[in-house]
Amino acid sequence: MQTPRRVTIQTLRQKKERGERIAMLTAYDATFARLLDEGGADVLLVGDSLGMVIQGHDTTLPVTLEEIAYHCRAVVRGARRAHVVGDMPFMSYQASLEQGMTNAGMLMKTGGCHAVKLEGGAVHAELVHKLVGAGIPVMGHIGLTPQSFHQLGGFKVQGRDPGGRQRLLDDARTLEEAGAYALVLEAIPADIAREITAALTIPTIGIGAGVGCDGQVLVSYDMLGMDESFKPRFVRRYATLGAQIQEAVGKYVADVQNGSFPSDAESFTVAESKGAPAAIEPAAYSSVGTK
Ligand code: KIV
């Protein structure tokens, strides 16, 4: 199979110029990364949302840099075409410029991602400028910034008042000037997102920010319907994998209990081996990394 051409920050800029929308999804492991990549996602974000959907926390706050780096390595192994972004977790860049530089460098070096994302506006402009100067592409993230969950008083739509609206516009412009190559706009009114998108030359990627952005991002577990009980308004479900997995597991459990699994065809015999140990192809265990 021919290796597809990797999506780069330049590809994303060109997409905006051509009016082609960007499709971004979160990914946390190699198998999902391969599936999402082959499905055509342009960007895979190893988001700190993994704290909620993988680790089972109520917020993204407990996630560590080492955990993001670990998941980045897996995603990079699974993605052949997509641009892979590693999320800078809570308190990995807020304390000082030096801390932010060191930790973003660590994520690029040990995680193997192609860019980092950090939450917050103008307050991080100097860090963004320095990272870009060091050769680290930075994706910004404004609006609802989940790492400020307690400061914001919960997961709430931002920018509804005139002051908040102006702050979003100012933050977006400042981050672009500082060198950010793209901007996530999370949970803000659609008309503000459209205005920000028109004001910037870098692409905007919306989540709960309406259709006027240059691209969209969703948490893959949400759009695949892994959790029946979680369906916020901005999520569209494209599958009901949670229910399908439960159904499959139910059938497996029944087959184990009634003795119909494994069958003879799913078992080994001495005769087949002709004296030599039966060879089991690695591909029989996993399709990731064997092609
Ligand atoms: O952590 C994450 O998954 C994110 C996206 C929802 C944008 O930041």
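This report walks through a predicted model of one protein, from its overall make-up down to a few residues.

## Ground rules

Residues are numbered from 1 along each chain as its sequence is written. As this is a predicted model, local features need pLDDT of at least 70 and side-chain atom pairs count only at pLDDT 80 or more, while totals for chains, interfaces and linings use all residues; side-chain values use heavy atoms, with hydrogens and water left out.

## The big picture

pLDDT is the predictor's confidence in each residue, from 0 to 100. The protein averages 94 on that scale, and 93% of its residues score at least 70.

The secondary structure comes to 12 helices and eight strands. Those are DSSP runs numbered from the N terminus: H or I over at least four residues for helices, E over at least two for strands. The C-alpha atoms fill a box of roughly 75 × 40 × 40 Å along the principal axes. Of the contacts with a separation of 6 or more, 58% are between residues 24 or more positions apart.

## The core

Buried residues make up 45% of the 291 residues. Buried means under 20% relative accessible area, exposed over 50%, and partly exposed in between, using a 1.4 Å probe and protein chains only. In soluble globular proteins, nonpolar side chains tend to be buried together.

Here, the largest nonpolar core has 71 residues. Such a core is a set of buried Ala, Val, Leu, Ile, Met, Phe, Trp, Tyr and Cys residues joined through side-chain atoms within 4.5 Å. Leu44, Leu107, Leu185 and Ile196 have the most contacts inside it. Take Ile196: leaving out residues up to four places away in sequence, it touches Leu168, Leu169, Ala172, Leu185, Ile188 and Thr204.

Helix H6 (residues 125-133) has Ala125, Leu127, Val128 and Leu131 as its buried residues. These sit on the same side of H6, because they cover an arc of only 160° around the axis, judged by the directions from the helix axis to the C-beta atoms. His129 and Gly133 are exposed, on the face turned away from the buried side.

The cover over the buried residues of H6 includes helix H5 (97-111), strand S4 (115-119), strand S5 (138-143) and helix H8 (162-178). After H6 comes Gly135, with a positive phi near 90°.

Rings of Phe, Tyr and Trp (its six-membered ring) pair if their centres lie within 6.5 Å; planes under 30 degrees apart are stacked, over 60 edge-to-face, and the rest tilted. The count comes to four aromatic pairs. One of them is Phe32 with Tyr221, a tilted pair at 5.6 Å centre to centre and 35° between the planes. It ties together distant parts of the chain, with Phe32 in helix H2 (residues 30-38) and Tyr221 in helix H10 (residues 220-223), 189 residues apart.

Thr26 lies in strand S1 (residues 22-26) and counts as buried because its relative accessibility is 2%. Beyond its neighbours within four places in sequence, Thr26 contacts Leu36, Leu45, Ser49, Leu218, Val219 and Ser220.

Note on methods
Contact = heavy atoms within 4.5 Å.
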